[in-house]
Amino acid sequence: MSLNQLYLTLLTGGIVLLASIIGTRVATRIGFPSLLFFLAVGMVLGVDGIGLDFHNVELARNVCTTALAIVLVEGGLTTRFSDIRGVLAPAGVLATLGVVISTAITAVGAHLLLGVDWQLALLLGAIVSSTDAAAVFSVLRILPLPRRLAGLLEAESGFNDAPAVILVLTFSVVPFVFHPEGAITDLLYELITGSLLGLGVGFAGAFALRRIALPASGLYPIATFGLGFIAFAAAGSAHASGFIAAYLSAVVLANSGLPHKSATRSFAEGVGWLAQIGLFVLLGLLVNPHDLAGDIIPAIVIGLVLLLIARPVSVILSLAGFRIPLREQLFLSWAGLRGAVPIVLATFPIVAGVPDSYRLLNIVFVLVVIFTLIQAPSIRFVANALGLITRDITREIQVEAAPLDVLDAELLTMTVQPHSRLHNVTILELRLPDPAVITLIIRNGRTFVPLPDTRIAVGDELLIVTTSKTRTAAEARLRAVSRRGKLAYWFDEYGLED
């Protein structure tokens with residue numbers, strides 16, 4: 001490659017990157033994952049667009065698998081353990097038993113309705129069985145959902161890639177021979193070993209980073225992210241699940257009180273976005289639009305089986321032993337977004353040489369596009385209809401400020417809703433736990449610093465500074481007073497989450 005070709009390639013890549021970043025803003029405002037825009041960019045660059053011919057499926061699989069690992073590390077580094085601690089058990093069951101149930105039901109539907117052989121049917125079921133971490137993180141983190149419910153969805157999407165990958169690899173054997181007992185043994189080995197390696201790397205890395213003074217603060221985010229990749233690669237080398245290892249190691253590192261937490265989170269989000277852009281553009285390049293027309297109807301049929309039967313049944317059966325309200329189970333059934341993961345998994349049987357497996361890629365691609373257009377924009381409506389969205393909760397604001405990082409402080413905001421009993425309560429009467437404090441109130445477009453005798457009013461936007469250790473208690477106090485007034489404790493109201 002000459003220098004001129006190199007410059008032209010870099011120029012094209014920079015333009016595509018900037019266009020994709022601008023597209024994320026539009027996608028976020030509309031309310032669905034930006035993956036659709038990135039996929040469209042890849043298709044425009046492809047054979048049916050500008051004319052870039054790319055059909056190296058093995059290269060695409062390897063690059064996209066690496067990108068998925070980056071996305072999972074980013075997801076783990078931006079996950080608060082307190083949000084998922086209480087839902088680890090149901091999330092784990094959803095990510096394992098739920099994936100198996102969803103795979104089985106979808107495979108039966110594909111075999112009976114589309115007439116495909118059992119190997120392709122099982123592959124199709126396994127490919128679309130897991131929710132997508134990138135899609136879930138990008139959509140759900142902008143919705144004011146109950147923290148337990150959002151945490152359950154995030155934890156499930158972080159865990160369930162591993163079982164789906166294991167099932168896809170199991171069904172991609174040529175010639176196809178399926179031994180259930182061997183598959184179960186492999187599944188347990190990969191999940192348990194991957195989990196142990198991820199936790200081990202996470203705790204060891206946190207122990208080391210707390211005791212090593214690096215010469216520049218910018219090295220801490222790189223070191224933290226590198227540890228997540230070490231967990232991914234180590235687990236893969238041990239023939240275990242690298243995806244679950246990457247996610248768990250990142251969760252441990254993010255919640256171990258490491259220095260420069262804000263910088264690490266910002267770095268992870270930036271690298272995660274870059275990975276998503278590259279991943280989706282590459283997948284868009286891999287698919288030719290003129291080949292998709294014949295697979296639209298099969299994709300819709302399988303998507304309806306997945307959305308209306310397989311996902312709800314897997315959620316209900318998986319959560320039967322947990323006290324999860326029915327309305328939350330209904331939301332979990334609808335909010336099981338599919339994104340890059342199924343498209344990437346569809347490349348595995350192609351590389352393995354499974355007959356007619358290229359058709360699976362087209363079906364999965366169409367399914368992801370159509371049902372993302374249906375599901376993602378409707379999630380807010382569904383959550384509202386089920387009564388799950390309330391704005392009378394605190395929301396975290398990410399602020400790039402060294403003093404907050406040094407003090408291990410967090411900046412929160414909440415809006416006082418109509419009928420909230422915070423109305424007319426003074427700052428002094430609110431009695432937030434020390435050192436939490438309301439530093440600013442925005443009222444009718446006017447901003448002011450409250451005094452101890454300032455009364456809170458409906459419609460006020462409150463800015464609250466608290467420490468990580470005090471945050472839970474501060475939120476509980478705000479909920480308690482909002483429900484029963486300043487004498488909430490007299491009525492045995494302690495602000496526990498619903």
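**Reading a predicted model**

Guide: At 0% relative accessibility, serine 130 counts as buried, where buried means under 20% relative accessible area, exposed over 50% and partly exposed in between (1.4 Å probe, protein chains only). This is a predicted model, in which local features need pLDDT of at least 70, side-chain atom pairs count only at pLDDT 80 or more, and totals for chains, interfaces and linings use all residues. Residues are numbered from 1 along each chain as its sequence is written, and side-chain values use heavy atoms, with hydrogens and water left out.

Visitor: Where does serine 130 lie, and with which residues is serine 130 in contact, leaving aside its neighbours within four places in sequence?

Guide: Contact means heavy atoms within 4.5 Å. Serine 130 lies in the loop between H6 and helix H7 (133-140); helices (H or I, at least four residues) and strands (E, at least two) are DSSP runs, numbered from the N terminus. Beyond its neighbours within four places in sequence, serine 130 is in contact with Asn160, Asp161, Ala164, Leu337, Arg338 and Val341.

Visitor: How is the packing of two helices described?

Guide: Two packed helices are described by the angle between their axes and the distance between the axes. The axes are lines fitted to C-alpha atoms, for helices over the stretch in contact, and angles run from 0 to 180 degrees between N-to-C directions. Here, helix H6 (residues 118-127) packs with helix H9 (residues 161-171) at an angle of about 165°, and their axes are 9 Å apart. H6 and H9 are therefore roughly antiparallel to each other; angles under 35 degrees count as roughly parallel, over 145 as roughly antiparallel, 65 to 115 as roughly perpendicular and the rest as oblique.

Visitor: Is the crossing of H6 and H9 left-handed or right-handed, and which residues meet?

Guide: A crossing is left-handed if the near helix is turned anticlockwise from the far one by less than a right angle, and right-handed if clockwise. H6 passes H9 in a left-handed crossing. From H6, Gln119, Leu122, Leu123, Ala126 and Ile127 meet Ala164, Leu167, Val168 and Phe171 of H9. The residues of this contact of H6 with H9 comprise 8 nonpolar, 1 polar and no charged; Ala, Val, Leu, Ile, Met, Phe, Trp, Tyr, Cys and Pro count as nonpolar, Asp, Glu, Lys and Arg as charged, and the others, Gly among them, as polar.

Visitor: At what angle do H5 and H9 cross?

Guide: Helix H5 (residues 88-114) and H9 cross at roughly 40°, and their axes come within 9 Å. That makes H5 oblique to H9. The crossing of H5 and H9 is right-handed. Ala95, Thr96, Val99 and Thr103 of H5 make the contact with Pro163, Ala164, Leu167 and Phe171 of H9.

Visitor: How many residues has the largest nonpolar core?

Guide: A nonpolar core is a set of buried Ala, Val, Leu, Ile, Met, Phe, Trp, Tyr and Cys residues joined through side-chain atoms within 4.5 Å. The largest has 122 residues, and Leu279 and Phe331 have the most contacts inside it. Helix H18 (residues 358-385) gives the most to this core, with 13 residues. Apart from it lies another core, of 18 residues, including Leu422 and Phe448.

Visitor: Which residues does the cis peptide bond join, and what is the phi of asparagine 444?

Guide: The cis peptide bond joins aspartate 434 and proline 435, with omega about 10°. Proline 435 is placed in the loop between helix H20 (427-430) and strand E3 (437-443). Asparagine 444 is not a glycine, yet has a positive phi of about 55°. Asparagine 444 is found in the loop between E3 and strand E4 (446-448), and at 79% relative accessibility asparagine 444 counts as exposed.
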